[in-house]
Amino acid sequence: MALFDARAKDIRNLPGFGLTATLAVAFLYAPIVFLVLYSFNAGRSISRLDGLSWRWYQAVFANEEIAGAALNSVLLAVIAASVATVMATAAALAMVRMKVRRRAAAYAVLNFPLMVPEIVTAIASLIFFSSVGLGLGFGSLVIAHTTFCIPFAYLPITARLTSMDPALESAAADLYARPWTQFRLITLPLLAPGLMSGWLLAFIVSLDDFIISSMLSGPGSTTLPVHIYSMLRLGITPEVNAVSSLMVLASALVVITSGLIARKHS
Amino acid sequence: MQDQEDACRLTGLGRTYGKGVSAHRALDSIDLTIRANEFFTLLGPSGCGKTTLLRLIGGFDQPTAGEIAIFGRNVAGLPPEDRPVNTVFQNYALFPHLTVAENVGFALRMLGRPKAEIAATVARMVALVGLEGMEHRRPDQLSGGQKQRVALARALAPGPKILLLDEPLSALDAKLRQRMRSELKALQRETGITFVFVTHDQDEALAMSDRIAVMQGGRVQQLGKPEEIYEAPANRFVADFIGGANLIPARIGARGAEAEGLGVVPASGDLGAEVTLAIRPERLAILPAGQQQPGDLGPLRVAERIYMGNELSFRLEGALVPLHVTLPRGGLRGAQDFTPGDAVCLRAEPGAIRVLSS
Ligand SMILES: Nc1ncnc2c1ncn2[C@@H]1O[C@H](COP(=O)(O)OP(=O)(O)OP(=O)(O)O)[C@@H](O)[C@H]1O
Ligand SMILES: [Mg+2]
């Protein structure tokens, strides 16, 4: 008999665990499965399947408004994620060198906007941007998205940075590398996986955002989630399913890429 | 001219961590001169400030008191990249994303040397540490001993005037450590570079060093050649830390030092002074109690017989502190053997007893 029975402590052996887990996964994924399934519907209904076809995807790709909104979304996400990654890297580099308590305080400040209900941030941003005369549109969207992307980009970057041996930078300095060269040749390459995960996370968060975008987007700067929502008001067709499924696909690709990066460097 | 001889001179060097009540003096006014071309060792127990001292010399940390001169030049405020000093770090700190050759050539690349010169130096360094054929491996494809060699080659490649080594052998197994000891020593002799070597292993220090500074509590307890440190420890700490001497409390009487339960041994000093007698375990002979003569220590009782292969060691009781004797096996002295319970006495070799102030 084993000295310590690990199985008895394993939560997976509690009665009802299997059922609960199955139900939870089902509730998580069933809506997505149905969404994707009906995106292939040959008919106009989103609740009755009349055979399979690509017609709604063809409609999506032929729809210039959707294309414009998608382009806005991707452009916004790329800019916001990139700027946020640079700023988060700067923050992480400064914060790993802080004492533990000050670092916790700095992190709280950085993270606070995430704790505030998003609708509050959205309204506050709307009022703020209007009152400083920035108005609605792409510029405001970029600023707002960059801001809420920073804490997301920060997490993987700082995780990578704290796992890095601080002696490496000392070694580079010892071997006559100037501070900027130390960063470029040693810190940055070793940080790269964290930067990529951080960027992808920020990218997906920006791409998926609805509330803030719906408040701040002006005519011509509509993002895809905002556009999908407006499509709903005109009556739901499987075209909405098709464009949503494409977003799911994009998210899945990003998540898988980020997972692969993490696995390669663990 | 005097300065030319000194690789590194530390004057009143101090490093205090923290402030106020939580302040901790990791280094407390260290005065040391490390000569050019010598193998200098900082020896001391964990936490005594060895790494702190090395970091100050390397420029990774700034002193809170005193100054450091490297080849006569005050290096206060100079960053590591401006000091003619290279370091072999405690855990090697090899760049994991660079190959062996890129690691070794890093400093030369930073110094802007031509490609051909870098390649030639790298090849020479790799050969010097016996890593031919591994130039294109990354650090995670190397064994501990190989990593250690890469770290050494990397630090030697730019031709430093002083090489700092922070416990470079501690991560290696006993056999490899023995071999690297000889290799390091040979390397130091060939290159003529001043080595400042940190260790907490006294055997390592005694075997390799030209001079040793024994440290404890942020201070240098004794500075000297290995023989001096071993044969003539300056105080209780050094006597105990190096070679584990028997430390016997005694008082100076009219006829010598009187140790309770051990009799009187010849010693001079202020009458009535409390002293400590330090005697190395291997500089004592053990005899049956019946053969005790004046000046011998005893009578004592054998409490434990410890067989250690090439040596035989006894723990003896009957004095204020337990005493240890170590005898080589075989040979003339090795003929003696005793079992626990035997009544014995000890005879010290001439000059083996050192009187230390308590
Ligand atoms: N950054 C720091 N902040 C506060 N105290 C420190 C710091 N670095 C070292 N110390 C303290 O200074 C003392 C000396 O540390 P140091 O690292 O020099 O010891 P060491 O002799 O190298 O020990 P070891 O053999 O374990 O490596 C220790 O008591 C340590 O706790
Ligand atoms: Mg140390």
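S29(B) sits in strand β2 of chain B. In this predicted model, the phi angle of S29(B) is positive, about 35°, although the residue is not a glycine. Is S29(B) buried, partly exposed or exposed? Its relative accessible area is 41%. A residue is buried under 20% and exposed over 50%, so S29(B) counts as partly exposed.

E167(B) is located in the loop between β7 (162–166) and α6 (174–191). Its phi is near 40°, again a positive value in a residue other than glycine. The relative accessibility of E167(B) is 7%. That value is under the 20% cut-off, and E167(B) is therefore buried.

A polar atom in the side chain of E167(B) is 3.0 Å from an oxygen atom of the ligand. H24(B) has a polar side-chain atom 3.1 Å from a ligand oxygen atom. For S46(B), an N or O atom of the side chain lies 2.5 Å from an oxygen atom of ligand 1. How much of the accessible area of ligand 1 does the protein cover? On its own the ligand has 640 Å² of accessible area, and the protein covers 61% of this.

The residues that surround ligand 1 include Y17(B), A26(B), Q90(B) and the run from S46(B) through G47(B), C48(B), G49(B), K50(B) and T51(B) to T52(B). H24(B) and E167(B), whose side chains were described above, are also among them. Sorted by class, this shell holds seven polar, three nonpolar and two charged residues. Which elements of chain B each supply at least two residues of the shell? They are strand β2 (24–35) and helix α2 (50–58). Helix α2(B) contributes the most, with three residues. Strand β2 is also the strand in which S29(B) is found.

The next step is chain B as a whole. The chain has nine helices and 20 strands. Its C-alpha trace spans about 80 × 45 × 40 Å along the principal axes. Of its 358 residues, 48% are buried. Among contacts in chain B with a separation of 6 or more, 65% are between residues 24 or more positions apart. The accessible surface of the chain comes to about 16200 Å², and carbon and sulfur atoms account for 50% of that surface.

Chain B also meets chain A. How many residues of each chain are in contact with the other? There are 19 in chain A and 24 in chain B. Together the two chains bury about 1800 Å² between them, with 66% of this area on carbon and sulfur atoms. On the chain A side, D174(A), L175(A) and Y176(A) lose the most area to chain B, and together they make up 41% of what that side buries.

One residue of chain A remains to be described. S251(A) belongs to helix α12, which covers residues 238–264. Is S251(A) buried or exposed? Its relative accessibility is 16%, and a value under 20% means buried, so S251(A) is counted as buried. Beyond its neighbours within four places in sequence, S251(A) is in contact with I204(A) and D208(A). S251(A) and D208(A) are 43 residues apart in sequence, while their C-alpha atoms are 8.6 Å apart in space.

Methods: Residues are numbered from 1 along each chain as its sequence is written. Chains are lettered from A and ligands numbered from 1 in the order in which they are written. This is a predicted model: local features need pLDDT of at least 70, side-chain atom pairs count only at pLDDT 80 or more; totals for chains, interfaces and linings use all residues. Side-chain values use heavy atoms; hydrogens and water are left out. Helices (H or I, at least four residues) and strands (E, at least two) are DSSP runs, numbered from the N terminus. Buried means under 20% relative accessible area, exposed over 50%, partly exposed in between (1.4 Å probe, protein chains only). Contact means heavy atoms within 4.5 Å. A residue is near a molecule or strand if one of its heavy atoms lies within 4 Å of it. A polar contact is a pair of N or O atoms within 3.5 Å; within protein, one must be able to donate a hydrogen and the other to accept it, and residues adjacent in sequence count only if both atoms are side-chain atoms. Accessible areas come from the Shrake-Rupley method with a 1.4 Å probe; for residues, only the protein chains shown count as cover. Ala, Val, Leu, Ile, Met, Phe, Trp, Tyr, Cys and Pro count as nonpolar, Asp, Glu, Lys and Arg as charged, and the others, Gly among them, as polar. Buried area is the accessible area (1.4 Å probe) that two parts lose on being put together, summed over both.
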